[in-house]
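Colleague: Could you take me through the strand pairing and the salt bridges of this model?

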Amino acid sequence: MTRSRQVPRSLVSVSAACAVLFGGVAAPPAATASGVATPFGSTAFDRPANTAQSGTVLAPGVTHRPFTMDTDAGAVRGHVLTVDLREARIGLLHPGVVAERDEIPDMANAQGAIAGVNGDFFNISDSHEGIEPTGSSVGPAIAAGDALKGAVPDGQRFGPALPHGTSTRDVFGMGADRKARVSTLDVTGTVRTSDGAFGVDGMNQYALPENGIGVYTADWGPMSRVRPTCGTDTNRQAPCSDETEEVVVQGGVVVAERDEPGEGPIPAGATVLVGREDGADRLEALDEGDRVRVRSGLDGDEPVPPFAFAVGGYPILRDGAPLPGLDTGVLAPRTAAGVSSDGRTVYLTVVDGRSAESAGTTVAELADLLRSFGAVDGVNLDGGGSSTFVTREPGDERALVRNMPSDGKPRAVANGVGVFTR
């Protein structure tokens with residue numbers, strides 16, 4: 001196979017507080033000798049708790065800054081990484097296969113990252129009897145230029161409601177030009193046989209579109225491939241399909257076919273095709289010994305350099321403005337990623353919540369927070385117990401957790417955003 005490469009608050013609280021922390025959208029904070037940011041003008045949140053500790057340079061172009069905001073709901077504590085992509089890079093933290101989970105500090109240390117945050121929402125639970133959650137992420141993923149997986153249908157996702165005009169296909173990432181951006185990635189590919197060709201609709205993902213065909217490779221891992229045939233495009237909990245077919249292709253030849261999807265490791269170089277409904281009918285036409293050529297990958301809808309790294313996340317900030325309709329009522333721990341107008345500076349932030357020490361933010365406030373750092377585009381990543389912020393500070397041998405995960409310890413997650421030296 002060939003791969004392509006529940007307390008409401010006003011938004012002004014976070015905006016004003018972060019203007020105190022970082023001096024508005026573009027300017028860094030003015031700091032006293034003690035490292036406390038000096039207020040820039042009078043706001044309703046010029047209070048002692050609105051402070052930012054002096055930043056720690058982790059490596060050339062990478063700075064870690066903890067901060068505290070005083071809000072009507074209480075103190076909010078968080079961390080932000082500022083990454084200059086001219087001197088450092090970002091990449092995908094992942095456990096090695098798609099259908100698996102690991103903790104962010106373990107992934108960061110295994111891959112040599114100096115810092116990182118958790119990434120995409122994922123298949124954390126399942127209501128289908130006998131079906132184990134795959135741990136696979138919702139959206140597309142690209143690591144080191146290799147397309148690992150596609151996005152599940154919108155109705156099969158986990159996480160808060162999507163803003164209008166967004167989808168599970170949205171990603172945050174860095175291109176081959178070393179510029180970050182928010183974009184959209186679609187699965188593309190074909191199965192070509194002696195009788196013609198047909199398209200594929202998914203790649204290494206825990207849910208396939210109705211009537212679709214998915215491509216599964218060694219990147220998926222040993223997890224069962226039944227879950228991709230469960231639910232519908234609009235209902236994650238709908239029953240599993242009873243019209244399925246699986247075909248195994250090795251060396252360009254069909255070597256096995258079965259009525260139900262299987263499990264176990266997929267050999268390197270082999271491809272497993274899983275179909276449901278109409279997709280199953282197409283695969284049933286294949287027989288052992290048939291010559292088959294499979295191609296799949298991820299394509300963007302913009303004429304820009306391909307992604308070297310991408311992770312799923314839904315947009316909350318676009319062209320310097322929060323998207324309309326973002327939730328303004330639920331406070332929670334949050335994780336987000338943003339990028340400057342020139343694509344050269346990335347902001348990775350985690351805010352803690354669900355504790356006496358930190359109230360958390362709403363999704364709308366998170367967008368405002370990203371904007372205050374200097375981001376013009378940004379995405380919401382998985383939050384709640386998944387929100388994790390790690391750094392390897394000067395003198396440390398390993399990256400350590402710096403925030404307060406609301407579960408009391410880091411949660412095993414599908415992937416993350418890592419920061420690496422150039």
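The questions below concern a predicted model.

Colleague: Is strand β22 (residues 307-312) largely enclosed or open, and how many of its six residues are buried?
Modeller: Buried here means under 20% relative accessible area. The rest of the structure largely encloses β22, because the number of its six residues that are buried is five.

Colleague: Which are the edge strands of the open sheet of five strands?
Modeller: The order is β16-β17-β20-β18-β19, with mixed pairing. Within it, β17 (residues 213-216) and β20 (residues 271-276) are antiparallel over four bridges, and Ile-213 has Gly-275 as its bridge partner. Those that pair on one side only are the edge strands, β16 (202-203) and β19 (253-258).

Colleague: How far apart in sequence are the parts that Glu-246 and Arg-225 tie together?
Modeller: These two residues form a salt bridge, with the closest N and O atoms 2.9 Å apart, and both are buried. Glu-246 is in strand β18 (residues 244-250) and Arg-225 in the loop between β17 and β18, so the parts tied together are separated by 21 residues.

Colleague: Which residue joins Arg-225 and Glu-246 in a network of salt bridges?
Modeller: The whole structure has nine salt bridges. The network links Arg-225 and Glu-246 with Arg-258.

How values were computed
Residues numbered from 1 in each chain as written. Predicted model: local features only at pLDDT ≥ 70, side-chain atom pairs only at ≥ 80, totals over all residues. Heavy atoms only, no water. Buried < 20%, exposed > 50% of the residue type's maximum accessible area, 1.4 Å probe, protein only. Helix = DSSP H or I, 4+ residues; strand = E, 2+ residues; numbered from the N terminus. Pairing = 2+ DSSP bridges. Salt bridge = Lys/Arg side-chain N within 4 Å of Asp/Glu carboxyl O.
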